[in-house]
Amino acid sequence: MTTRQEHADIEMQQLPVDLKRDGRTIHLRNLNGSDGNRLLEFGNRQPSEDLLYEERDITSVADVGDWLHDTEAGRIRTVIAEEHGSIIGYASIERGRLRWTRHVAEIRVMVDVSVRRLGLGHVLLGLAFEAALADDVAKIIAQMTPDQLGARKIFEQLGFVEDAVLTRHVASADGELHDLIVMRFDTAQRQLCKECGEYVLTLIPLQGKQLCWSCYEIVDLELGAG
């Protein structure tokens with residue numbers, strides 16, 4: 001198993017992998033059929049408002065069971081982050097099941113409230129984004145409520161834009177109705193690393209080139225060594 005530093009990009013084929021963040025070791029791997037109880041524990045730790053936009057109720061045994069089944073069947077790709085055996089975040093990507101929505105994938109990312117300043121959401125989102133591109137989708141969507149400002153900021157930084165606002169679309173447990181924001185990323189706008197030719201979410205300028213993190217590290221090291 002490899003370990004990646006705090007600012008390194010991670011690719012799907014590298015999983016499982018350990019990520020170092022602020023002196024903490026976070027284990028990234030694919031979800032498997034034995035993760036049901038850990039998912040339920042994770043869901044029950046989250047604020048109720050963060051669960052509003054989730055298509056599946058991750059506090060429900062039945063819904064978590066369906067999620068695991070769909071993941072193992074290949075209908076959903078899910079990556080989890082765990083620390084000391086507990087799930088502290090996940091990212092999933094699910095393509096539309098209808099013939100006329102197969103070109104669209106929905107991305108869902110959630111990070112535990114205790115680790116939301118570590119940049120873990122960005123890492124998980126990058127992995128889910130990579131999975132969506134591997135499936136050759138044309139459009140990626142994300143859904144959130146207006147008060148989920150942190151989630152919206154992450155998606156905006158990565159190039160997502162507001163697609164629609166569905167008024168009074170989500171009902172909380174107490175029956176209160178909330179708006180739902182749908183954000184989109186058209187994969188035609190994805191960015192190409194000029195060094196390795198891979199499509200990525202974000203690029204970093206160096207020596208007149210726009211590079212992914214991996215290539216940036218290599219070139220920067222070579223320049224320093226020279």
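Guide: Two strands pair if DSSP finds at least two bridges between them, and strands (E, at least two residues) and helices (H or I, at least four) are DSSP runs numbered from the N terminus. This is a predicted model, in which local features need pLDDT of at least 70 and side-chain atom pairs count only at pLDDT 80 or more, while totals for chains, interfaces and linings use all residues. Residues are numbered from 1 along each chain as its sequence is written, and side-chain values use heavy atoms, with hydrogens and water left out.

Visitor: OK, how many bridges join β5 to β6?

Guide: Seven, with the two strands running antiparallel, and within this pairing R95 stands opposite A105 of β6.

Visitor: And β6 with β7, parallel or antiparallel?

Guide: Those two pair in the parallel sense, over three bridges, and the bridge partner of V104 in β7 is K139.

Visitor: Why is β6 largely enclosed?

Guide: Eight of its eight residues are buried (under 20% relative accessible area, with a 1.4 Å probe and protein chains only), so β6 is largely enclosed by the rest of the structure. V104, E106, R108 and M110 cover one side, and A105, I107, V109 and V111 the other.

Technical notes: Buried < 20%, exposed > 50% of the residue type's maximum accessible area, 1.4 Å probe, protein only.
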